[in-house]
Amino acid sequence: MPRYRLSQRLAVPVMFVATLFLVVMDGAITTVALPSIAHQFHMTAAGIDGVVVVYPVCVGMTIPISGWLGDRFGGKPVLLIAMALFTLASALCGLAGSLGQLVVFRGLQGLAGGLLTPVIGAMLFRTFTPEERVNASRVMTLPQQIAPSVAPMLGGFLVDSFSWRWVFYVNLPFGAAAVLFGLLFLDNPREESPGRFDLTGLLLSAGAMSLLMYGVCDGARQGWGSPVITGSLVGGTLLLVATVVVELRRAEPILRLRLFRDPLFRGANVVNLVGLVPFMGAMYLAPLFLQEAQGATALESGTSTFTEAIGVLLTVQLVARLYGKVGPRPIIAAGLFCVSVVLALMSTCDLNTSLWTFRLYMFLLGLGMGAVFMPTTVASFSTVPPSDMGQASTLSSVVRQLSMATAPALVATLLVTLSTTADAAPPLSAYRTIYLVLAAIALASALFALTIRPNRPDPGPAPQPSTDARNTSTYN
C-alpha cells in the first residue's frame, strides 16, 4: 500500500491519542458491563472476575518484549499488528458464546494492549527533540483523562440501549480507522542495533509481571491470605528479583534496568509508581461513594467525576509554560501537595454533600494531577538517548501498570477491612478513612518529589525520525 506524505509531527501524535484513547476507554468501559455479562451467563458478578483480571495479567506478559520488538522491526509494524489484533479480539469478545470464550478473547486483547502503549510512547518521544517534548506531551493527557470520564456514561448507554456486547463492538470502528491511518501516514524508523533477543530475561520478566498483576488485581476479592494470592505474590516477587539480577548482568537485556541509574529517570518513575496511586484510587472510589453511599445514578456519577478531566487540561497548559523555567521538581511536588489537600477535603463529604460540591473537588483534584502527569513524563524521558527510548518507554509502562493495579486493590482492600460485615455496604466512615489514607500517600509522594535531582537534561544530538523533523524552539 502506498504511503501518503504527512508530517510525522502530526501523524504520530494523532496515532498516539487514538491508541491510548482506545486502550484506556476499553479498560474503563468493560467494568460497566460486568453485571449484564454475569446475567447473560447465569453467574454472580464475583464469578466473572476472570474477565477483568485476565486483561492486566496478559498485558504484563507482553510489555517486557515491546521495547525490543519496536527496536528490531520498527514501531510501525509492531503498532499496527498489535492494533489489528486488539480490534479483532474486541470483535471476538462481542461474539463470545460462553464465559470461557470471553475470558480467552479478553486475554488476547491484553496481549495486544501490552504492546500498544510502550511502542506508541517511544514513537512519540523519538519524533520530537528534547526541547519540544514539553509541548508534545500535552497530547498525552487527552486520552488518559477524557477516556475514563467518558467511558462510564458511554458504557451505560450501550448496555442499556443495546447489550453488553456493544462495549466491545464500539472498539471496531476506532481500531480499524487507526490501522488504516497508520498504514497510510506513519514512517518506520528503526534502531541500527536492537541487540540479541534475551529469552531468559523475557521469561523471567513476563512471569514476574503476570503473577504480580494477578495477585494485586484479585487479592482483595479472594483475600490476601489465600494460598493462590500468596503464592502468586511470592512467586512474582522471586521472579522479579531474579529478573533484576539477570538483566543487570547481561550486555543486551530485554529490559534495560540500568536506565534506573539515571537519577531523573528513576525519580520520575518512583513518583509514577507511588504518586499515581492516590489519584487512581480516588477515581476508583468516587463512583462507589456516589452510587453506593449517596444513591446517585450512574449518569450523575459520571458527570460528577468528569470535571477532573477539565482540571487536568487547564493545568497542563500552565505547566507547559513553567517547565522550562523551573524544572520538574517544584511543579510535581506542588501538584501532589494539592492532591493531598483535596483528598483531605473529600474525606469530609457525607451523605448530604451536594453533587456540585463533589464536582468542585474533582475539578480541583484534576488541577493538582495536571501538574504531575506531564512533568513526570517529560522528566523521565528528558535524559534518555534516542537509542534507549523504546526501552525507557517499556520500563515506564511497567511502572504505570503496577501503579494502576495497586490503586483499586488498595481501595477495595480498605473497603472490605473497614466494613462492619462482609455482606453490608461500607459505612460512611470507611470512605472518609480511605480518602485520608490516599491523602497521606499523596503528601509522602510530594515530599519525595522535592528530593528529585533537578539535573538539566542534555539534549545531545537531535533524533532524526523523519525528514521533516526540525528544531523550532530553544530549551530554557
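Predicted model: local features only at pLDDT ≥ 70, side-chain atom pairs only at ≥ 80, totals over all residues.
Here are some friendly notes on this structure, one topic at a time.

1. Residues are numbered from 1 along each chain as its sequence is written, and side-chain values use heavy atoms, with hydrogens and water left out.

2. Let us start with helix H11, residues 227-249. Helices are DSSP runs (H or I, at least four residues), numbered from the N terminus. The expected span of a helix is 1.5 Å times one less than its number of residues. Ile-229, Ser-232, Gly-235, Gly-236, Thr-243 and Glu-247 are buried in H11; buried means under 20% relative accessible area, exposed over 50%, and partly exposed in between (1.4 Å probe, protein chains only). Helix H10 (199-222) is part of what covers these buried residues.

3. Which helices each supply at least two residues to the lining of the second largest pocket? They are H10, H11, helix H12 (263-293) and helix H17 (389-418). A pocket here is an open set of points on a 1 Å grid over the protein atoms alone, where a 1.4 Å probe fits, with protein on both sides within 12 Å along at least five of seven lines; lining residues have an atom within 4 Å of a point. Of its 20 lining residues, Leu-240, Val-244, Leu-257, Phe-260 and Val-398 lie nearest the centre. The lining divides into 16 nonpolar, three polar and one charged. Nonpolar covers Ala, Val, Leu, Ile, Met, Phe, Trp, Tyr, Cys and Pro; charged covers Asp, Glu, Lys and Arg; the others, Gly among them, are polar.

4. Now look at Asn-269, which lies in helix H12. Is Asn-269 buried or exposed? Asn-269 is buried, because its relative accessible area is 2%. Leaving aside neighbours within four places in sequence, Asn-269 is in contact (heavy atoms within 4.5 Å) with Phe-260, Ser-380, Leu-395, Ser-396 and Val-399.

5. Helix H15 (residues 328-346) passes the span check too: its 19 residues should span 27 Å, and its end C-alpha atoms are 27 Å apart. Its buried residues include Ile-331, Gly-335, Leu-336, Val-339 and Leu-343. The buried residues of H15 pack against H12, helix H14 (307-326), helix H16 (355-382) and helix H18 (428-449).

6. How many disulfides does a search of the whole structure find? The search finds zero, a disulfide being a pair of cysteine sulfur atoms within 2.5 Å. The closest cysteine sulfur to that of Cys-93 is in Cys-58, 11 Å away, so it is too far for a bond. Cys-349 is in no disulfide either, with the nearest cysteine sulfur, that of Cys-338, 15 Å away.

7. Last, a look at helix H1 (residues 8-30), where Val-24 has its place. Val-24 counts as partly exposed, at 22% relative accessibility. Val-24 and Ala-151 are 127 residues apart along the chain, and their C-alpha atoms are separated by 8.8 Å.
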